[in-house]
Amino acid sequence: MPKSQIVEPAEERKAGTLPFAEIPLNQYQQDLAKEKENYGPEALVGMYEDMLLIREFESMLQSIKTQGSYEGIEYDHKGPAHLSIGQEASAVGQAFLLDVDDHILGSHRSHGEILAKGMSSIRKLDDDSLLNIMENFLDGDCYRVVEKEESSCVKDLARNFLLYGALAEIFGRSNGFNRGLGGSMHAFFPPFGILPNNAIVGGSADIAMGASLFKKVNRKSGIVISNIGDASMGCGPTWEAMNFASMRQFKELWESSMRGGLPIIFNFMNNFYGMGGQTAGETMAFDCLARVGAGVNPESMHAERVDGYNPLAVVDAIKRKKALLESGKGPVLLETITYRFSGHSPSDASSYRLKEEIDAWQAIDPLVAYAQELIDEGLLTEDAIAENKADVTKAMTQAFRLASDLEVSPRLDSEKIGDLMFSKRKRESYAPDREPELILPAAENPRVLALAKKSRAGIVDGKPVSKNKVFQYRDAIFEAAFHRFQKDPTLVAYGEENRDWGGAFACYRGLTESLPYHRLFNSPISEAAIVGSAVGYALEGGRALVELMYCDFMGRAGDEIFNQLAKWQSMSACILEMPVVLRVSVGSKYGAQHSQDWCAMVSHIPGLQVVFPSTPYDAKGMLNTALAGSDPVIFFESQRLYDIGELFEKEVPADYYEVPFGPPAQRRTGKDITLSTVGATMYRALEAADILEQKYGLTADVFDCRSINPLDYDPLIESVRKTGKVLLSSDACERGSVMQDIASNISQLAFDDLDAPPVVVGSRNWITPCAEVENDFFPQPSWMLDAIHERIIPLSGHQLSSNPTTGELVRRQRAGI
């Protein structure tokens, strides 16, 4: 896209070979005396203590899951427990040099990483900072439990707080770090730089990449580490994230002060198995995972394999890789080899691997080996080891006793989960102390100047204003977006062709002139990474406006929309916010893979707000609302409507205003029938209403359900109680559509007032055909009239042009069409 980068045919057709940067394998040479000099004896012993803490934590959970008790206390834990026994050195070595501003995101097997990063933070923070965190996190609920117990000092208290908060979360208790809504696979603790862990394999890759994007765009200190397993190398979003993080524009196109790669390490905790599948040798193409870096960028992502059985080797690698990131040379791929002694989960008998293999790895147990090295160096004694084990067992027993006691650690009232699905906070800016960065003020922006000459009313003197003179739907999108860019310095927008081209369907034309590269840029055609990175960007405290050019492409970002964007607010008990607006256009004319309306898919997913404005006034007002809130919004737009003017309000105001989510818009008032629509179908419903009145003497209430979730049913029910009849229509395929859901609710809420069952007129349950025969697929005014005549109220003299009979409905359902 950028005209500054010329693709020269002679250069591209030149013969030659590609060199690859070398990838080091297990290069660390142990010198404990030198490391003692670097870090001090206490720090080296502290690493052992943290490894021991993790081992006991995981062994406790193993005992609870397999025997139902630990240290004489019985408990039936029904939830999951993916244990990392054997992997302690990898987690502790990684966390050793990380600061609180360095953030980690992990996987379903991340208890050890939580404890390692937590203990690293506890060691680095002063007592006052630790007390402030504990006393204020979740209003002190977690802290009040542990402060009553014995502790020798603030750091000891903080360790007990960490153990209890994590275990209470695993047990689903309201005093847990996430109110029990995250659980074992999703637990996290932001004050220590521990961001969400992810139950979806590879799920943290693109989210962590988005977190690093936030740090870069907003000039924040610290790096981000995505801790994912070796099996995640088989997941598309992982590859998308590595490519996105390696985009050349970061180093070549962004303004000079912002140039440099993203500060992220993709750390693959390679324990050689993805559940029961052996990665190298069976389910993957690589022999050594680090090799993959050579396929991503000329630097091979500075890839390296490090021995994760040696905590000091991991410390060394993190030290070097962190320095690379801080100098702008990211991203980095790190393969940390390790081994889990236990199965994928406690129910896994490890039948897919030999006992001799497990024995070989246990024979070099990192906990035992590192302890022996410390003993040999005179830093640790057998008596000290015994004392440490007793202390850890005591602390673990205390945490288990408190977390398993329902009176001390109750579960969250289930009904309160509903209150935590959305944060519902007004946020004018996520960085009110900063000025938004612009390269051209609004007063000089060429599109702003051009819009000042357009008619903001779609009808003047009773006549529609021509398209080239009217303020259009696409202009409304531009104004709302540009307004928020001038208010919130954290706001970024990206997707396909967002910069230079002016965005899909020219909605962003004019933004390039006013926004620096780091606030508006083109992404790869990587839908999963687009949405996943927006999730990570928001979790860090920024606002993202991202775009999928067609609704049909949502399938490529299914997990990121359904499992990530929708869930992290509630799984954090709304500690975290998710100010992401995902713009999605619903097409036509482009056939089966570019013309679908999937509103029903996202409205089915708890945790998402879903809107579909059909007028310029609503497009601007609802995008303003979305961009001033704290919740994730799927913002649907119809490509049929981008060039229309405002036909219902007097005009689209130039000043800022918001249209609230929830209430449907009543576009026409009548008394005989209610017509309810979503999206562009509203205009065809109005055509049908005109014919009803002119030809059959019937008037209609016409509603535009511009807000799908939430939706205020009161105006619809009031209308249906008046008319006794309702027809619903949208461009989505009829089966399982939003209109079916609304029809079902109307049937329940106004059953006694209905003269006939609600009727849904949707698109046919086919693939979308070519543009020339689209009228046989999408709802037409004649179809609505036919359905009214056949199934609601006879229309005198009406001749059917389609077959809306119940018999035909049954036939289609039987045939699956």
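Ala506 counts as buried, at 10% relative accessibility; buried here means under 20% relative accessible area, exposed means over 50%, and partly exposed lies in between, with a 1.4 Å probe and protein chains only. The residue sits in the loop between strand S12 (492-495) and helix H20 (511-514). Helices (H or I, at least four residues) and strands (E, at least two) are DSSP runs, numbered from the N terminus. Ala506 has a positive phi of about 65°, although it is not a glycine.

The model is a predicted one, in which local features need pLDDT of at least 70 and side-chain atom pairs count only at pLDDT 80 or more, while totals for chains, interfaces and linings use all residues. Residues are numbered from 1 along each chain as its sequence is written, and side-chain values use heavy atoms, with hydrogens and water left out.

Arg179 is another residue with a positive phi, about 60°, although it is not a glycine. Arg179 belongs to the loop between helix H8 (154-170) and helix H9 (203-217), and its relative accessibility of 15% makes it count as buried.

I turn to the cis peptide bonds. One of them joins Gly330 and Pro331, with omega of about 5°; Pro331 is placed in the loop between helix H13 (311-326) and strand S9 (332-337). Another joins Asn709 and Pro710, again with omega of about 5°. Pro710 is found in the loop between strand S21 (707-709) and helix H27 (714-723).

Next comes a pair of helices. The axes of H10 (residues 236-245) and H21 (residues 527-539) come within 8 Å and cross at roughly 75°. Such axes are lines fitted to C-alpha atoms, for helices over the stretch in contact, and angles run from 0 to 180 degrees between N-to-C directions. H10 and H21 are therefore roughly perpendicular to each other; under 35 degrees counts as roughly parallel, over 145 as roughly antiparallel, 65 to 115 as roughly perpendicular and the rest as oblique. On the H10 side the contact (heavy atoms within 4.5 Å) is made by Pro237, Glu240, Ala241 and Phe244, and on the H21 side by Glu527, Ala528, Ala529 and Ser533.

Ser523 is itself buried, with a relative accessible area of 10%.

Leu53, in helix H3 (residues 41-67), is buried too, at a relative accessible area of 2%. Its contacts, not counting residues up to four places away in sequence, are Leu115, Met119, Arg159, Leu163, Val392 and Met396. Leu53 and Glu8 are 45 residues apart in sequence, and their C-alpha atoms are 59 Å apart in space.

Finally, the chain as a whole. It has 30 helices and 23 strands. Its radius of gyration is 30 Å, close to the 28 Å that the globule rule gives for 817 residues, so the chain is as compact as a globular protein of that length. That radius is taken over C-alpha atoms, and the globule rule is 2.2 Å times the number of residues to the power 0.38. Along the principal axes, the C-alpha atoms fill a box of roughly 100 × 70 × 50 Å. Of the 817 residues, 61% count as buried.
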